[in-house]
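Please keep the sequence and the 3D view open while reading.

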Amino acid sequence: MGASYPHMFLILLLLHGANAASNAPLPKWQTLSGRPPLVIARGGFSGLFPDSSQMAYQFALSTSLPDVAVFCDLQFSSDGMGVCKTGLTLDNSTTIADVFPKMDKTYKVQGKDIHGWFAQDFTTEQLLQNVTLIQNIFSRPSTFDGSMGMYLLDDVIQLRPPQIWLNVEYNSFFLEHKHSSEDYILALPKEVSLAYISATEVDFLKSLGGKLKNSKSKLIFRFLSEEIVEPSTKKTYGELAKDLKSVKEFAAGILVPKTYVWPVNKDQYLAPLPSTLVKDAHALGLEVYASGFANDIALSYNYSYDPSAECLQFIDNPEFAVDGLLTDFPPTASGAIACLAHNRANPLPPAGEMRPFIITSNGASGVFPGSSDLAYQEAIKDGADIIDCAVQMSKDGTPFCMPSADLTAGSTAATAFMTKGSTVREIQNKSGIFSFDLSWSEIQTLRPDLVAPFAQAGLKRNPAKKNAGKFMTLAAFLDMAKASKLFGILINIEHAAYLATKGLGVVDAVTGALAKAGYDKETKQQVFIESEDSSVLAAFKKFPAYRRVLNIHADISDVSQPSVDDLKKFADGVMIRRPSVVQIVGSFVTHFTQVVESLHAANITVFVGVLRNEFMNLGFDYWADPTVEIATYSGAVAVDGIVTEFPATAATYFKSPCSDLSQNFSYSILPAQPGALVDLAGPGALPPAAGPAPVLEPTDVVDPPLPPVVAVSTASGPAPAGAADNTTSAASSDAGSRLLLSGMVAFLSLSLLQ
């Protein structure tokens, strides 16, 4: 039997399963039965723990919907015991090759030679007493490797799960080696109930069905890839999918790869329309279960790395709902079903009162190039409350939105203006092509470029729109915002002191643009001014309607009282990085800092960012699910705003009643619990933690006054006529006045010297 571990999930179990359900009306589902889709936990919570381990099964039961089905892939030991393990060979997911290095073999399986270590070559005692389980996917925690033994079907039964799903994928191979899956199933004690039995072979299901006529077990025909030949009929699975009427004769349902339901093209985008498989199957009375759901794989670009969005595509679209999802991450599927489905038409609760603000990072920059018109349009459509513009200045004084003054990241400048590269130490230590070295007409010749921070790991972002859209002047950005129903805008001003030495008054340019757009008298939309420079924020104190936000780029562990006292002299809030709020060591969440609590005690607003959907950006405690991270910052830390490149993910969560953790729902999407996972791993599991980040002090907060804007003559001439409406007249007149004054002073000085 598998090793015995104490239940460490009592709190999660209570929170997820023991609350009384609310009295909200149950939605109507388009499943065959009309009931919610089933969550099927493949090997338990195999996205977190080694597949088919005790912890994987226990955690699946503790964190999923109450009727979750645990999935056991059946294998046999040499003495005929049923073992749960995905895949026919054991060497990639156990330590068997190290323990028995000379017991590997090669067998013919479905016409192909397969080499490895097979369960059938070992006794039950050999497997359970010597072999331990490991993760076989590099992006998943290896922390639990070697800590759990192999698990029998008998062990799974003893956990008393609500439903067991037994899968038989290699029946013909087992029969060749004197193991009958059918005899094994029929010999199980009568009190053992297998809710579902799936198999990839037609003859097996037909034979078993004839002997289970009085059983409540549902027989499910599992489809493999379309080109693979089913051994009984000698037809490909793709051909069998077109003859569902014959499948109905021996099965109650089908389990298919998700691409059977919604095809994906060679470029990893969804087909415009789903297949008719679900509708055809439902018309015949066949249930349809979809497989292949995991949070830590490259999904179709349509989902923007949001695994909940993928689940919703299959259960909450106008055409159909599959009857269940086979997943490595059962909490994500559970949350999609219990919390996120059927909420598209829901309004977002009031921001700032019932939830944090959804603030963009250069618009919806996870979907379209950052700061492009398309990124801002998408952000507004997706439900952002506040859209942001990081203001950069062209050489001829046009303020425009761009993530960085260095145009090499976010545009095609590296190929178009290679000769204009330079190093500006006041901005960054590496060379770049800077906006203030190009005229606005030159910048307009560039194309936006969609930046994917994890592209080297194969996680690209929306390649079809990599260079889509156009750059926006600050004036055009303000016009777009004014025409929307946004709560507000956030204007980010950086490098003002350096720009002043280039003759560019970015503060004047921003104040002029805001005034020209009427924001100095605006009452419907809130203006936030953000900067890392306290002197920039101090310059906006004369506009009391504007909220001022200090951007603290450095990671901090707490704030000193003197720094808070100084901060309140010029700012209403702060923008801080995620590590200043949530401490992560070795990809595990270990604790929350006191930073947010300390700032809130001083009545200072706290925004945190930047949130990204890619699973490589998430600690293991978030379960490779960006929605759990959002729930953590909202429900556990209670920040005032989250800054994200994917506002649609946040809006989907906040539209759900589950985002209000005070509600008494039977299931909810819960915040991460610091230390919960790492405590399971035991001592020594984490690398040594780095020392704590520094405490915020007054020297980190207060900056020198801004220098005067130097008058600099340029050979580039005035801004092009086409940009006249997008250039702040106040900034231009100020620059002209300074130039005239500078010339007069020079003339007088020369006269006196003579």
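A residue counts as exposed when its relative accessible area is over 50%, as buried when that area is under 20%, and as partly exposed in between. Asn 603 has a relative accessibility of 68%, so it counts as exposed. The model is predicted, and the points below are grouped by topic.

**The chain as a whole**

- The protein chain has 27 helices and 27 strands. Its radius of gyration is 30 Å, close to the 27 Å that the globule rule gives for 754 residues, so the chain is as compact as a globular protein of that length.
- Along the principal axes, the C-alpha trace of the protein chain spans about 115 × 55 × 50 Å.
- Buried residues make up 55% of the 754 residues.
- Among contacts in the protein chain with a separation of 6 or more, 72% are between residues 24 or more positions apart.
- The protein chain exposes about 31,900 Å², and carbon and sulfur atoms supply 54% of that area.
- There are 56 positive and 75 negative charges in the protein chain, and their mean positions are 5 Å apart.

**Arg 461, in a loop**

- Arg 461 is found in the loop between helix H17 (440-443) and helix H18 (474-482). Its relative accessibility is 4%, so Arg 461 counts as buried.
- The side chain of Arg 461 makes a polar contact of 2.7 Å with the side chain of Glu 645. A polar atom of the Arg 461 side chain also lies 3.5 Å from the backbone oxygen of Val 451.
- Leaving out residues up to four places away in sequence, Arg 461 touches residues including Tyr 305, Ser 365, Arg 612, Glu 614 and Phe 646.

**Helix H18 and Tyr 376**

- The buried residues of H18 are Leu 474, Ala 475, Phe 477, Leu 478, Met 480 and Ala 481. They pack against several elements, among them helix H15 (373-382), strand E14 (386-393) and helix H20 (506-516).
- Tyr 376 is in helix H15. With a relative accessible area of 0%, Tyr 376 is buried.
- Among the residues that Tyr 376 touches are Phe 477 and Met 480, as well as Cys 389, Cys 401 and Asp 388.
- The C-alpha atoms of Tyr 376 and Asp 388 are 8.6 Å apart in space, and the two residues are 12 residues apart in sequence. A polar atom of the Tyr 376 side chain lies 2.8 Å from the backbone oxygen of Asp 388.

**Helix H24**

- Helix H24 (residues 626-636) is mostly covered, with nine of its 11 residues buried. The buried residues include Pro 626, Glu 629, Tyr 633 and Ser 634.
- The elements that the buried residues of H24 pack against include helix H13 (307-315), strand E25 (605-611), strand E26 (641-644) and helix H25 (647-655).
- The N-terminal end of H24 is capped by Asp 625, which has a side-chain oxygen 3.0 Å from the backbone nitrogen of Thr 627.
- Just after H24, Ala 638 has a positive phi of about 60°.

- Arg 577 belongs to strand E22 (residues 573-577). Its relative accessible area is 36%, so Arg 577 is partly exposed.
- Although Arg 577 and Gly 609 are 32 residues apart along the chain, their C-alpha atoms are separated by 5.3 Å.
- The side chain of Arg 577 makes a polar contact of 2.6 Å with the side chain of Asp 555. A polar atom of the Arg 577 side chain lies 3.4 Å from the backbone oxygen of His 553.
- Other residues that Arg 577 touches include Ile 552 and Val 608.
- Gly 609 is joined to Val 610 by a cis peptide bond, with omega about 5°. Val 610 lies in strand E25.

**Backbone angles**

- Most residues other than glycine have a negative phi, and most peptide bonds are trans.
- Gln 110 is not a glycine, yet it has a positive phi of about 50°. Gln 110 is in the loop between strand E4 (105-109) and strand E5 (112-116).
- Asn 603, also not a glycine, has a positive phi of about 65°. Asn 603 is in the loop between helix H23 (595-601) and E25.

Key. Residues are numbered from 1 along each chain as its sequence is written. This is a predicted model: local features need pLDDT of at least 70, side-chain atom pairs count only at pLDDT 80 or more; totals for chains, interfaces and linings use all residues. Side-chain values use heavy atoms; hydrogens and water are left out. Helices (H or I, at least four residues) and strands (E, at least two) are DSSP runs, numbered from the N terminus. The radius of gyration is taken over C-alpha atoms; the globule rule is 2.2 Å times the number of residues to the power 0.38. Buried means under 20% relative accessible area, exposed over 50%, partly exposed in between (1.4 Å probe, protein chains only). Contact means heavy atoms within 4.5 Å. Accessible areas come from the Shrake-Rupley method with a 1.4 Å probe; for residues, only the protein chains shown count as cover. Lys and Arg count as positive and Asp and Glu as negative; His and the chain ends are not counted. The place of a charge is taken as NZ of Lys, CZ of Arg, CG of Asp or CD of Glu. A polar contact is a pair of N or O atoms within 3.5 Å; within protein, one must be able to donate a hydrogen and the other to accept it, and residues adjacent in sequence count only if both atoms are side-chain atoms.
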